[in-house]
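Subject: Structure handover

Hello,

Here is the structure I promised to pass on. Please open it alongside this note, and my findings follow below.

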Amino acid sequence: MTSADVTADSARALVLEVLRTVAPGPALDRLGPHDDLRDVLGLDSLDFLAVVTRVSERTGRRIEEDDYDRLADLDGWVAFLAT
Amino acid sequence: MPALGADMDTGTLVEWLVAPGDTVHRGDVVAVVDTEKSAIDVECFDSGVVERLLVDVGQTVPVGAPLAVIGDGAADGAADSTAPVLGADRPPVPPAPVAHPLSPLVRKRAAEAGVDLAAVAGTGSGGVVTRADVEKAATRPPANGRVRVSPYARRLAAERGLDPATLSGSGPDGAVHAADVPADVPAGALRRAAARGATAALMARSKREVPHYYLSTEIEIAGALSWLRQHNREVPVGARVLPAALLLRAVALAAREVPELNGWWVDDGFVPGDGIHLATAVSLRGGGLAAPVLHDADTIGVDALMERLRGAGERARTGTLRSSEVSGATLTVTNLGDQGVDVVVGVIHPPQVALVGFGATRRRPWADGDTVVVAPVVTASLSADHRATDGATGARFLRAIDRILHRPEELP
């Protein structure tokens with residue numbers, strides 16, 4: 001899956017799928033596009049790293065620690081992956 | 001039955017993963033045991049061939065009771081092991097005499113119907129209670145208007161963490177029977193309550209018995225974090241090291257320098273740990289705390305420590321911790337940096353004599369010589385048992401952590 005093939009919808013679906021493997025539950029079902037993932041889903045640094053690792057593996061795209069600031073909410077992830 | 005926690009008295013065998021005839025090696029997971037807090041995968045202590053399983057699934061035995069006989073594979077029947085075999089040399093106990101022999105069917109029906117057999121007048125020969133007697137007693141309306149809950153239903157409800165008063169019954173006069181107790185109640189609720197109880201007991205005991213003293217120090221970690229950043233750029237994402245692992249490594253190395261804080265208070269004396277085994281507090285989804293143990297944390301590099309931390313965190317959350325990960329801790333580290341608090345002043349987990357806390361890393365003004373810079377700062381705290389050490393020792397320990405974090409190149 002190259003960056004060119006990633007649409008906003010598929011990016012959102014992918015991130016939600018990965019989040020489901022880390023923090024399933026009602027908070028995820030109600031997640032809004034601007035909700036801070038760490039706050040709302042209760043992700044700690046181990047969880048966040050698991051999300052980053054899994055999305056990285058599935059998209060074949062290396063995500064750097066410097067990118068983390070852009071990945072605080074779902075919209076941020078979508079914007080990052082769809083570029 | 002291994003001791004899978006300082007307060008554990010008994011364990012229940014949930015599953016056997018080996019059978020007689022299987023070859024096992026030291027460290028293989030051979031059984032799953034339930035403690036009050038969670039299910040633990042038990043690792044084998046010996047290598048050999050399983051000769052006999054001594055405990056059945058569902059059986060609860062005290063810590064120390066033998067679970068299985070492992071031999072060296074010698075030929076049939078020769079029980080080579082010198083380990084005491086549970087129950088082998090006890091004479092069979094004669095059955096107690098029964099006053100009114102009741103057929104098991106009648107007994108079962110009475111249990112199902114919530115009928116107290118002692119209160120039923122038996123119409124069978126010799127005054128024995130018959131099935132018809134039980135059925136008649138079952139349809140009697142409740143004397144005080146309260147809904148009857150059968151003993152079996154009551155037991156099921158208790159097992160599933162339900163209040164029988166909230167159930168609606170399908171029996172006569174709304175009596176609640178076993179079939180009325182929903183089976184799909186998440187066992188998690190009951191499990192969490194038990195785990196909470198165990199944590200509560202340990203913390204209460206700590207505060208009652210351990211005279212705590214507390215120290216804290218702010219540690220500037222710009223150098224350590226920039227070393228880590230560079231390190232992480234050079235490794236695959238899956239091998240990325242978190243600051244938490246770096247802090248754990250620093251604690252492990254500091255414990256080498258100040259071994260008086262690494263060990264246990266037993267029988268009015270300090271027993272040094274047989275190695276540096278760090279318990280690291282992990283919060284569980286849905287509430288609750290686990291503290292998986294990373295053994296010999298000072299002998300492995302920061303990458304290996306991260307790997308262990310990641311695995312233990314995962315296993316703690318999915319309830320699949322291994323027996324080696326729940327016992328033997330010599331020192332506990334609580335890192336609540338992710339929760340956004342500045343300082344953690346924790347409660348020691350007895351019989352350990354110390355607990356290290358880390359708060360969130362914050363960028364703060366910091367004096368660098370005569371200038372003020374902005375630097376990432378983390379507050380490290382120590383809660384220590386005053387029977388084992390004094391403030392001077394505790395201070396030495398925190399200073400050691402500070403010094404080690406200023407030499408990140410020595411960390412891996």
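First, a term. A cavity is a set of points, on a 1 Å grid over the protein atoms alone, where a 1.4 Å probe fits but cannot get out. Points are joined across faces, edges and corners, and a volume is the space filled by probe spheres set on them. By this rule there is one cavity of 30 Å³ or more.

Some ground rules. This is a predicted model, where local features need pLDDT of at least 70 and side-chain atom pairs count only at pLDDT 80 or more, while totals for chains, interfaces and linings use all residues. Residues are numbered from 1 along each chain as its sequence is written, chains are lettered from A and ligands numbered from 1 in the order written, and side-chain values use heavy atoms, with hydrogens and water left out.

**The cavity**

The largest cavity has a volume of about 50 Å³. Its lining residues (an atom within 4 Å of a point) are A:Glu64, A:Glu65 and A:Asp66, with B:Arg229, B:Asn232, B:Arg233 and B:Arg240.

**The interface**

Contact means heavy atoms within 4.5 Å. Chain A gives 20 residues to it and chain B gives 19. The two chains bury about 1,600 Å² between them, 45% of it on carbon and sulfur atoms. Buried area is the accessible area (1.4 Å probe) lost on putting two parts together, summed over both. In chain B, the most area is lost by B:Val237, B:Arg240 and B:Arg285, together 38% of what that side buries.

Five salt bridges link the chains (a side-chain nitrogen of Lys or Arg within 4 Å of a carboxyl oxygen of Asp or Glu). One residue pair in a salt bridge is B:Arg229 and A:Asp66, at 3.7 Å, N to O. On the side of chain B that touches chain A, helix 7 (302-318) and helix 5 (222-233) each give two or more residues. Helices are DSSP runs of H or I, at least four residues, and strands are runs of E, at least two, numbered from the N terminus. Helix 7 of chain B gives the most, with six residues.

**Backbone**

Most peptide bonds are trans, and most residues other than glycine have a negative phi. B:Pro350 and B:Pro351 are joined by a cis peptide bond, with omega about 5 degrees. B:Pro351 sits in the loop between strand 15 (331-335) and strand 16 (354-358) of chain B. B:Asp267 has a positive phi, near 50 degrees.

Best wishes

Technical notes: 1 Å grid on protein atoms, 1.4 Å probe; cavity = no way out; pocket = protein on both sides within 12 Å on 5 of 7 lines; lining within 4 Å.
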